[in-house]
Structure formats: C-alpha cells, structure tokens
Amino acid sequence: MKDLRQPGTAFPNVSLRWLLSAAAAVLLGAVACAWLALCLLYWQGSWQLLYHPKAAITHTPASENIAFEPVHFAATETGVTQLTGWWIPNSDARYSALYLHGADGNLSDTVDTLAALHRNNLAIFAFDYRGYGQSHIEGTPIRPNEKQLRQDAEWALTWLTLTHHVTPKSIVIVGSGLGANLAAELAADHSEVAGVILDQPLENPTAAIFNDSRSRLVPAHWMVKDRYDLSSASASLRLPSLWLFAQPQAAAGTPEAFRAVPSQKTSVWLKTPIIADPHFDETLKRWLDDLPSATR
C-alpha cells in the first residue's frame, strides 16, 4: 500500500492542558448524566416515602357484624370505575360521615375506626384512594399524590351528595392522619357541610420526604409538589371542627394550625388508640349534638 504521508510532515502535538480539559469535560458530563438519572429515579419513586398503599382487602365491616354495601364510582369516559368504597347505613343516623383514611394500608385497616363511628350513630361512606385496595385500573401505574387524593375526595363527596342524595348539611367529613390534612383541605372548600373531624392531623406530613437523605441529593422541593399545608387549610375553615390529638403529644401544646382556625373549634387530647379511649364516645356525641339538626 502506498504511504500517503509526505516526507518531513509532522503531526501536531496534543497539549497536556487540552487533554486535562477534555477529561474534565467527559467526567463532568458523566456526573451530570448520573445526577439526571438520579433525579428521574427520585421523581418516579419519592412518593413511596410518604404513601404506603396495600392492595389486599383482608377485613370488611362484616368482620364487626356491620352491614355494608360495596360502592364503585368515579367512572372514566370508557365507563370503567376508578374508586371503590363502602357505604355503611345507620337507621339511627342524623349525620353521614365521609371518611378519609391515612397514607398507609387501605380500607381494611380502618374497620375498627369505622365501627367506632358507626356505634355513635353515624352512617359512613369510606373509600380507597387510587392505588389503594381495589381502587385502581389495570395497567395504570400506582403513584399517589396530593392532587390525585384531593380529586378522589371530591369525587367521593359528589357521590355522597349527587348519587346517594345526602344533603350537605348532614355530612361530616372525618379524616385520620394524612387523611385529616386532606379533610381540612376539603372542608375549607365546602363550607356547606355540617362539620369536620380531624383525627391526629400531621403538622409536617412531608417531613418523611424532605428529611430523607436521598432528598438532599436532588432539588426535592421543586420536584415534589405535595404539601398538605394544614395551617393554610385551617385558616380557611368556616365550619365547626373537632380536633382529636394523642396525649403523648400533649407536651408540645396545641398546634399552630388549630389556633389559626377562625370558626367554631374544639380540641380534645385522648389516649391512644383514640377510638379505645373511654372519653372518645362522649366527646364525639357531645360535638355532634352541638351541630345544627340535620336529616338525610
């Protein structure tokens, strides 16, 4: 083969500075790609730091000898229902409770609480958020978030009022844990209902997300939109509210969110589990009796 190089031709030397700059650029690019991949993984999975749904329904009100009706609602445009709940009638009820459970488990874990509400003469509509229990559509990824839970709660209230024809003035919104924060948000936008019961609401629910060590590696506050701002929702309440707190937290004093409520409010400190405290029934009965008379 003919040598195309001309005699005396010299190739330019590559400087050490250029080599170091190129290596730094490659390294920087690799780090940037790794960080972007980390951000993507965090965005896809950070919800698991706050939400812990379970799919299997292992208990129902029938376990407590309480009659109930399964309810499937919130249909898509194709007619597929997205949410599943339980309607628990009560012939002695003046009020119907819309129950919003917390971030863990599913309706199976609420049966004891629902039984406690039922024995206090409340009819109850409880449901699972999308991604919890039987509330899902096959092939749809599970990724709960505040906006989605809020939409689910709105759909549940709509089912109760428009489909089941319960008058708003005979509805009490009840929330537990993260569900209490959600109940405060819902009640703040629906002052037409009779009242709201907040069972151990969370002052800083997103601490589980933002205090996690992995959240310090990414712009977590920009990527995660959930806030469940209890103080903001409380300041907008225009209806009677009952706040139930656990006695071990009593040393911390009354939360700021409670003090921000401008309307009629009651706070009670009970032993845990709250529904087993002997004062729970009398507290609930007294508060319900103080509400305006309502009928379904």
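Tutor: We will go through the cavity and then the pockets of this predicted model.

Student: How many cavities of 30 Å³ or more are there?

Tutor: A cavity is a space where a probe fits but cannot get out. Here the count comes to one cavity of 30 Å³ or more.

Student: Which residues line the largest cavity?

Tutor: Among them are Tyr99, Thr113, Leu117, Val174, Ile197 and Asp199. Leu244, Ile274, Ile275, Phe280 and Leu284 also line this cavity. Helix H2 (111–119), strand S8 (195–199) and helix H9 (280–290) each give two or more residues to the lining.

Student: What classes make up the lining of the largest cavity?

Tutor: Nine residues are nonpolar, one is polar and one is charged.

Student: Now the pockets. What volume does the largest pocket have?

Tutor: A pocket, by contrast, is an open set of points. The largest pocket has a volume of about 460 Å³. It is lined by 28 residues, and the closest to its centre are Tyr99, Asp109, Thr110, Thr113 and Ser176. H2 gives the most to this lining, with three residues. By class, the lining has 10 nonpolar, 13 polar and five charged residues.

Student: Which residues lie nearest the centre of the second largest pocket?

Tutor: They are Arg143, Asn145, Met223, Lys225 and Asp226, out of 14 lining residues. This second largest pocket holds about 240 Å³ of space. Its lining divides into eight nonpolar, two polar and four charged residues.

Notes
Residues are numbered from 1 along each chain as its sequence is written. This is a predicted model: local features need pLDDT of at least 70, side-chain atom pairs count only at pLDDT 80 or more; totals for chains, interfaces and linings use all residues. Side-chain values use heavy atoms; hydrogens and water are left out. On a 1 Å grid over the protein atoms alone, a cavity is a set of points where a 1.4 Å probe fits but cannot get out, and a pocket is an open set with protein on both sides within 12 Å along at least five of seven lines; lining residues have an atom within 4 Å of a point. Grid points are joined across faces, edges and corners, and a volume is the space filled by probe spheres set on the points. Helices (H or I, at least four residues) and strands (E, at least two) are DSSP runs, numbered from the N terminus. Ala, Val, Leu, Ile, Met, Phe, Trp, Tyr, Cys and Pro count as nonpolar, Asp, Glu, Lys and Arg as charged, and the others, Gly among them, as polar.
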